[in-house]
Amino acid sequence: MFIILVYDVGVKRVNKVLKKCRTYLHWVQNSVLEGDISEANYVKLKAELSKIINTKEDSVVIYKFRSPKYNSREVLGVKKGGEENIL
Amino acid sequence: MKKTIYIFSSGELKRKGNTLYFETEENKKYIPVEDVGEIMIFGEVDFNKKFLEFISVKEIILHYFNYNGYYMGSFYPREHLNSGYMILKQAEHYTDEQKRIELARRFVTGAGKNIRQVLKYYNNRDCDLEDGLSKIEELCSSIPTMQDISPLMALEGNMREQYYKCFDNICKNPDFVFEERSRRPPRNYMNTLISFGNVLMYTIVLSEIYKTHLDPRIGYLHATNFRRFTLNLDVAEIFKPIIIDRLIFSLIRKKMITKKDFDKNTEGILLKDKGKQTFIQQLDEKLKTTIKHRDIGREVSYRRLIRLELYKLAKHLMGEKEYEPFVANW
């Protein structure tokens, strides 16, 4: 499954959320991450994030795709991050 | 499916923020640790024990290759699937001559059938391979009569020789003539590609073995000895024709790799970094592509196919179901 995760959280928790997300997903730009993830890891990630965020103030939105086959991705301007497996 | 990370640049790999972090002079990058299955290192990379501990816990294998692209070794994390039972079964099938030759024959049969499939495909397109095909059919048919390992190995060698003779007809490119198999070091462009591809295939199968209860040290067609892992060599025989060789043909026929991608020096001929990267990129794509599997009735990737092969082997060793090698049907 391919997901895009965007977050908008209080300054205090930004770093924690970012760090957690980076262990599962590729950083794309500020507050946006994406990547392939297994069902199990998806559940894990959600559980771990909900422990970090304050549900009254923060919001995390996750877009789920069964496969990235049917959508295209365009970048205007600088490409800041994203998936690469040949470094 | 977990990804493979290939590193060509030089830099430092470390544990940072509970994930992997790769830093070079120009570039900094976090790699999601939960999404990594193995790391293949071609460049000069520094790391410390803390990093090794971390990837050990995460069950990530590290393979490293020297400057020339030869396999040098692996950091093989502590075995996390410890099955004494499976090792006993594997050894039992090795020491019993009859059981060993039976398995070895199946590996050769699988390799032969897949070779035939590849040749058939190109024969139906625009290459005249009738001659090679009939010779390989003939060799295949005498596999069941083999009673010893060494004649079986010789037969496998003959089969490959016939197969390699067909390469020139398939590629139709004077830059990539096959001549004869030469390795350590390879002495022409074609041999360089074959060697590089085979090395990658062996390490990929090794990584897959790590995820099963099988022990890579006990192989059947290739004799078990003190030096190296051998089970991955056996299993790779089946997949080399359908993955590596097909990839080489399409790379050459589509002119994605040309003679500019090679470096000639006294130590034979080597692929340049750019050539290696193109090769690996295409291989990675290939391993990710899925095919409809007849037996389980759903889409599986080539990489998954390798693991399924190992599960079949495990079942054979436990006496549940006889091992039948995977044969491509397209």
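**Notes on chain B helices and the cavities**

1. Helix α2 of chain B (residues 84-95) has twelve residues, which at 1.5 Å a residue should span 16 Å; its end C-alpha atoms are 16 Å apart, in agreement. The expected span is 1.5 Å times one less than the number of residues. Helices (H or I, at least four residues) and strands (E, at least two) are DSSP runs, numbered from the N terminus.

2. This is a predicted model, in which local features need pLDDT of at least 70 and side-chain atom pairs count only at pLDDT 80 or more, while totals for chains, interfaces and linings use all residues; side-chain values use heavy atoms, without hydrogens and water. Residues are numbered from 1 along each chain as its sequence is written, and chains are lettered from A and ligands numbered from 1 in the order in which they are written.

3. B:M86, B:K89, B:Q90, B:H93 and B:Y94 of α2(B) are buried. Seen down the axis of α2(B), these buried residues fall within an arc of 135°, so they line one face of the helix; the arc is that of the directions from the helix axis to the C-beta atoms. The face turned away from the buried side carries the exposed residues B:L88 and B:T95. Buried means under 20% relative accessible area, exposed over 50% and partly exposed in between (1.4 Å probe, protein chains only).

4. The buried residues of α2(B) pack against α3 (97-125), α8 (231-253) and α10 (302-317) of chain B, contact meaning heavy atoms within 4.5 Å.

5. Helix α4 of chain B (residues 130-141) reaches 17 Å from its first C-alpha to its last, close to the 16 Å expected. Its buried residues are B:G132, B:L133, B:I136, B:L139 and B:C140. Down the axis of α4(B) they fall within an arc of 130°, so they line one face of the helix. B:E130, B:D131, B:E138 and B:S141 are exposed on the other side. The buried residues of α4(B) pack against α3 and α5 (149-165) of chain B.

6. Two cavities of 30 Å³ or more are found in the whole structure. A cavity is a set of points, on a 1 Å grid over the protein atoms alone, where a 1.4 Å probe fits but cannot get out; lining residues have an atom within 4 Å of a point. The largest holds about 40 Å³ of space, and its lining includes A:H26 and A:E83 as well as B:K3 and B:I5.

7. The second largest cavity has a volume of about 30 Å³. β1 (3-7) and β5 (36-41) of chain B each supply at least two residues of its lining.

Notes: On a 1 Å grid over the protein atoms alone, a cavity is a set of points where a 1.4 Å probe fits but cannot get out, and a pocket is an open set with protein on both sides within 12 Å along at least five of seven lines; lining residues have an atom within 4 Å of a point. Grid points are joined across faces, edges and corners, and a volume is the space filled by probe spheres set on the points.
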